[in-house]
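Here is a friendly note to read with the model open beside you. We will look at how charged side chains pair up.

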Amino acid sequence: MAIERPNRRLTTILAADAVGYSRLVGADEEGTLERLRAIRKDLIDPLIAAHRGRIVKTTGDGLLVEFASVVDAVRSAVEMQRVMADGNADLAPDKRIEFRVGINLGDVVVEDDGDLMGEGVNVAARLEGIAEPGGICLSRAAYDQVRGKIDIAAQDRGEQRLKNIAEPVRVFALSPAHPAVAALHAAVAPRLSIVVLPFVNLSADSGQDYFVDGVTESLTTDLSRISGAFVIARNTAFTFKGKPVEARAIGRELGVRYVMEGSVQDGGNRIRVNAQLIDTETGSHLWAERFDKPRTDIFDMQDEITTRLARTVGIELVAAEGRRAEHERPNNMDAVDLAMRGWAILNQPLSLHRAREACDLFDAAVRLDDRNVEALVGLASCHVNAVRTFASTNRDEQLRIAETAITKALTLAPGNALAHFVRANVLLVSGATERSLRELEFAITLDRNLAWAHADAGFIKVLLGRAEEAEADLANAIRLSPRDPGLDRWHSLLGIADLFLGRLESALDRLRKSVEINPNVALTQFLLAAASALSGRAAEAREARDAGLRLDPNFTVARFRNERRSENPTFLAQRERIYEGLSLAGVPEGQVAVGTGKQ
């Protein structure tokens, strides 16, 4: 006899409860019940119906509602709380009826009578219990569905332990009781909160408005992919189109810390885009950029412009938040502050000193909150990069830390593209080269604009004996992020591919370019020394070798040879060229580990 399985579905649950119900009933039972019935009849029930909700059940002081859409559930709750706040404005505090609301997206069991059971319901009920009077609490699962679509500031309250819920829940709080509440800039504006104002069309042709508006819309979408970002929806942003605006007023009205504005000018054969990022608290300009592009396919050009802007603005936002935390809370930073500061450092050109400073910040963040994904990814990135760049003095321990941190990060956030990118690096230095490439390709499916993943895909093709394919991936990375803090490494990787293919002059040009951008990476100096020696430039080889040894006095040819990256025979044969060049340049030989053979 077949076992009958319960009827389950993924749905949105809203739980609402009247604050201080027992006190209100004790003071005026009949009046309170009559007011609650009127509120249900005139406000709550019509709002739920208007937003396509279904009342599952009610109690004397609360109700449980199901919605097919998280956006509908949140809009319904926001409107209800704002109307309730207006109605309570003239009442004494002890006479007010206020509601708390919790919203969760989760799996539920559907009973024969339509009732809903299970953890999805329980989480919503517990979220309601920790909401402020007049407020709304969302689980991370629910918040991810409305981020950038609901025009109200959200406060990240971090991981919360909820009663009888096994795992901590990341909670986001909305305070929509009155528009003024959402605009309390300093108090509730979330970190990384931004509005992209409609870019201005400076061309005489109003027919170009579609392109200009497209830049604004695409940029809003791309910025919303930044982990932890709160981006005001385009519908609200476009209400400011054609109006004079002042950044500080916008910040107060929308509850955001940053405003991005810009303009587009069509010059016939060229398109010029100007953009600037403004701090809404001070009104100061944090960053400005100009792109001057030849007119090609209009949609390809729009895509390239918005991708570059989103990447650069993402870096600038993290840097600004790191500075803000250091200034406002130098002795009281939380895990998010510390992780932001760590990433702000990693988003600068690489150096051993910077890498160690960032690693210390991520380590401190994880000690405060071992479920902070950004901190875990950053910690893994620092340790694996030390191994990858041959700067590690304790390879096995650093690899263990990186593996532990990135495994936990992906358990908490399996859809985090940057986490998959770092995991690919862990696989790479562990010798799983082909798995590393597949992991990078998956990261790119999650975020097609992740330039770092494109670049590393090119490098791994070198390791797999496909050096001739590397340039396309690396060139794509540079196109996506032409001022990236990793740009020096990408030119270095192009130089390695050229070395492997015997293109010495091209390799020299690219390695020189890498050193010019960032002279503080020892490995690049040694690679430049090898290329110079192979091409007969002995003086340049000695200069690069000495620069490398000043940065990393312990570097040897043997240490470089001992680091296994690939067993591909084509790669191994091509790599001998680098060993030859390092030896010709006079890099210390060291001792090859027993059993490694020539790598």
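1. Let's begin with a term: helices (H or I, at least four residues) and strands (E, at least two) are DSSP runs, numbered from the N terminus. Residues themselves are counted from 1 along each chain as its sequence is written. Please keep in mind that this is a predicted model, where local features need pLDDT of at least 70, side-chain atom pairs count only at pLDDT 80 or more, and totals for chains, interfaces and linings use all residues, while side-chain values use heavy atoms, leaving out hydrogens and water.

2. How many salt bridges does a search of the whole structure find? There are 32, a salt bridge being a side-chain nitrogen of Lys or Arg within 4 Å of a carboxyl oxygen of Asp or Glu.

3. Take aspartate 363 and arginine 367, whose closest N and O atoms are 2.4 Å apart in a salt bridge. The two are separated by about one helical turn because they sit four residues apart in helix α13 (residues 352-368). Aspartate 363 is partly exposed at 31% relative accessibility, whereas arginine 367 is exposed at 61% (buried means under 20% relative accessible area, exposed over 50%, partly exposed in between, with a 1.4 Å probe and protein chains only).

4. Now try a salt bridge between two helices: glutamate 540 and arginine 512, with their closest N and O atoms 2.9 Å apart. Glutamate 540 belongs to helix α23 (residues 538-551) and arginine 512 to helix α21 (residues 504-517), so the pair ties together parts 28 residues apart in sequence.

5. Finally, look for the network of salt bridges that links Glu471, Asp498, Arg503 and Arg510.
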